Amino acid sequence: MAFLEIQQLAKTYPASAGTSTGTSTAAKPVFEQVSFTIERGEFVCIIGHSGCGKTTILNVLAGLEQASAGIVVMDGREINGPSLDRGVVFQGHALMPWMSVADNIGFAVRSRWPAWKPAQVAQQVQKYIDLVGLRGAEHKKPSALSGGMKQRVGIARAFAIEPKMLLLDEPFGALDALTRGVIQDELLRICAATRQTVFMITHDVDEAILLADKILLMSNGPQAVIAEIVNNSMPRQRSRHSIHHDPQYYRIRNHLVDFLVHRSRQIQSGELPRPGQPLQVSPGLIADTPASTAAVASA
Amino acid sequence: MPFSRNKLRDLLASGLLSLAILAVLLMAWHVATLPAPEPASVATGSGNVAGNNASDEYARLMGQGAKKTDGFPSPAQVGQTIVAQLSDPFYDRGPNDKGIGIQMAHSLGRVGIGFVLALLTALPLGFLIGMSPLWQRAFNPFIQILKPISPLAWMPLALYTIKDSSISGIFVIFICSVWPMLINTAYGVGAVRREWLNVARTLEVSPLRKAFLVILPAAAPTILTGMRISIGIAWLVIVAAEMLVGGTGIGYFVWNEWNNLSLTSVLFAILMIGVVGMLLDFAFASLQRMVTYVE
């Protein structure tokens with residue numbers, strides 16, 4: 001059994017009452033039939049357009065939201081609420097502005113290990129502050145930090161509780177390209193060092209290729225499904241500086257962009273068949289022919 | 001924090017301007033209260049000497065002697081009273097003659113006790129209302145009806161049930177300061193950012209820790225705003241309340257001096273009420289700055 005198993009997940013929000021169209025139309029699920037697995041130590045990214053329910057899936061994994069149908073099992077136990085086993089890095093960093101950097105991380109550490117002595121907590125906090133390269137900023141308030149530094153604190157806070165799995169909700173969305181690259185490298189390094197299992201939402205195709213072992217592609221909502229599971233066949237030791245020299249890089253990238261531009265919409269509108277099961281593809285390994293992506297689409 | 005040269009100059013300019021305004025006001029006051037020149041109106045030209053004498057005597061009896069003023073004290077007289085009162089603020093010569101310091105202490109004591117009791121009520125209740133829409137809706141009609149009632153309207157009821165004028169005063173302070181704190185606490189608690197609460201949830205933080213380490217600091221600036229409004233209202237109300245119940249306090253002092261027709265003392269008391277009110281507001285403003293955070 002895989003480390004994390006998601007089976008037939010669906011989410012339907014109750015139809016808003018009093019709309020002019022009447023109540024005859026039942027509310028459509030935002031997404032449905034979402035099933036996938038994550039192995040221990042695997043880095044999984046999910047890509048899809050806004051409104052396909054990515055964040056809802058992440059919130060269900062975090063235990064912050066209830067799915068309408070389906071189950072999530074992590075490490076043999078069903079997820080039905082928030083837990084310290086899963087660390088979350090929020091989209092808007094969600095630091096407590098009245099606490100210093102060290103206090104923000106310390107708050108998480110003390111929640112994880114209530115019996116620890118202050119010295120132990122301080123040691124753990126310092127370890128993760130060093131890990132994300134924030135030494136010297138321990139006593140600063142979040143308002144005195146740049147966007148990139150704030151997100152590093154968020155990452156350090158999530159890592160510091162040593163969760164079994166890390167959930168990242170578009171953590172770099174608000175950062176400029178330069179800062180984003182630096183922090184991506186850091187995340188890659190930390191994950192490699194800690195063998196952390198990660199589930200991450202992103203809008204950035206390059207980010208997904210750099211970080212993920214497996215990329216889940218969602219069709220447009222409502223009634224979004226996981227249409228494809230793209231296996232990142234490039235060697236795991238990737239670096240932002242050399243990754244684009246790998247011939248696989250552009251095959252995977254083209255495949256992802258093609259999906260986002262065309263197929264994600266076509267599946268929703270019915271021009272393409274809805275896959276009952278997500279297609280497992282490895283576009284990086286397919287020989288470079290112009291028809292390769294088309295072949296996958298019609299497979 | 002060192003001031004820049006420009007800022008220092010601005011401060012100096014505004015300070016000088018304030019002094020100038022004060023000087024103009026004092027001068028106008030002084031001129032307005034100058035003794036009127038010997039009136040010619042009493043000695044009209046009809047020549048009735050006996051009648052004239054009688055009206056002179058009558059005038060003297062009525063305290064309208066040769067020095068004719070309209071009774072309003074001049075700035076110099078008020079200044080003398082201020083110096084005299086402040087040089088011995090804590091004298092106590094019986095129930096109707098106590099120093100301003102003692103009276104002020106009585107008022108501040110009542111305000112303090114009433115305010116703290118209101119805070120102890122408003123904080124937990126505000127948390128409950130702010131965190132639960134159900135309780136919010138349940139309490140709302142009561143708050144809406146009770147809030148606009150003038151606190152002094154409670155006074156007869158308080159006097160009848162409590163039967164102690166001093167405690168009735170405290171009750172009136174309590175009832176007037178509880179609403180702004182309750183409403184602001186509920187609002188602040190209800191408006192705590194969802195993501196901070198989600199952080200607390202994913203960290204499995206216990207309800208008590210969440211209340212004290214997340215919600216309280218997050219809502220503190222709003223709560224302090226409520227406290228600042230409350231202390232301002234309480235200080236307004238205590239004067240009126242003490243005028244009604246009498247005995248001690250700055251409000252009673254004002255009323256007592258009015259009965260003595262000592263307008264200099266009334267003016268002095270008014271000034272003191274203003275100064276203490278300003279200091280109270282200042283104290284809460286600095287408390288507010290302490291808990292305010294930048295997002």
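Which are the buried residues of H10(B)? They are B:Ile250, B:Gly251, B:Tyr252, B:Phe253, B:Val254, B:Asn256 and B:Glu257, where buried means under 20% relative accessible area, exposed over 50%, and partly exposed in between (1.4 Å probe, protein chains only). Everything in these legends comes from a predicted model, in which local features need pLDDT of at least 70 and side-chain atom pairs count only at pLDDT 80 or more, while totals for chains, interfaces and linings use all residues. Residues are numbered from 1 along each chain as its sequence is written, chains are lettered from A and ligands numbered from 1 in the order in which they are written, and side-chain values use heavy atoms, with hydrogens and water left out.

**View 1. Helix H10 of chain B and its surroundings.**
Welcome to the helix from the opening question. H10(B) spans residues 250-259 and is mostly covered, with 7 of its 10 residues buried. Helices here (H or I, at least four residues) and strands (E, at least two) are DSSP runs, numbered from the N terminus. The buried residues of H10(B) pack against helix H3 (75-87), H4, helix H9 (207-245) and helix H11 (263-291) of chain B. After H10(B) comes B:Leu261, with a positive phi near 55°.

**View 2. B:Val111 in helix H4 of chain B.**
Here we look at B:Val111, a residue of helix H4 (residues 100-131). Is B:Val111 buried or exposed? Its relative accessible area is 2%, so B:Val111 counts as buried. Leaving aside residues up to four places away in sequence, B:Val111 touches B:Ile173, B:Ile231, B:Ala234, B:Trp235 and B:Ile238; touching, or contact, means heavy atoms within 4.5 Å. As for B:Phe212, this residue is 101 residues from B:Val111 in sequence and 27 Å away in space, C-alpha to C-alpha.

**View 3. Chain B as a whole, for orientation.**
Chain B has 11 helices and 0 strands, giving the pattern α-α-α-α-α-α-α-α-α-α-α along the sequence. Of the 295 residues in chain B, 37% are buried. Among contacts in chain B with a separation of 6 or more, 72% are between residues 24 or more positions apart. The chain exposes about 17,500 Å², and carbon and sulfur atoms supply 70% of that area; accessible areas come from the Shrake-Rupley method with a 1.4 Å probe, and for residues only the protein chains shown count as cover.

**View 4. Where chain A meets chain B.**
How many residues does each chain bring to the contact? Chain A brings 22 residues and chain B brings 17 residues. About 1,800 Å² is buried between chain A and chain B, with carbon and sulfur atoms giving 69%; buried area is the accessible area (1.4 Å probe) that two parts lose on being put together, summed over both. The two chains share 0 salt bridges, a salt bridge being a side-chain nitrogen of Lys or Arg within 4 Å of a carboxyl oxygen of Asp or Glu. Between chain A and chain B there are 4 residue pairs in polar contact (both at pLDDT 80 or more). Such a contact is a pair of N or O atoms within 3.5 Å; within protein, one must be able to donate a hydrogen and the other to accept it, and residues adjacent in sequence count only if both atoms are side-chain atoms. On the side of chain A that touches chain B, strand E6 (86-89) and helix H2 (101-112) of chain A each supply at least two residues, and H2(A) gives the most, with 4 residues.

**View 5. Two salt bridges within chain A.**
Over all chains, the structure holds 21 salt bridges. In one of them, the side chains of A:Glu65 and A:Lys11 meet at 3.8 Å, N to O. A:Glu65 lies in the loop between helix H1 (54-62) and strand E4 (69-74) of chain A, and A:Lys11 in strand E1 (residues 4-11) of chain A, so the pair ties together parts 54 residues apart in sequence. A:Lys11 counts as buried, at 10% relative accessibility. Another salt bridge joins the side chains of A:Arg240 and A:Asp185 (3.0 Å, N to O). A:Arg240 is partly exposed, with a relative accessible area of 29%, and A:Asp185 counts as partly exposed at 24% relative accessibility.
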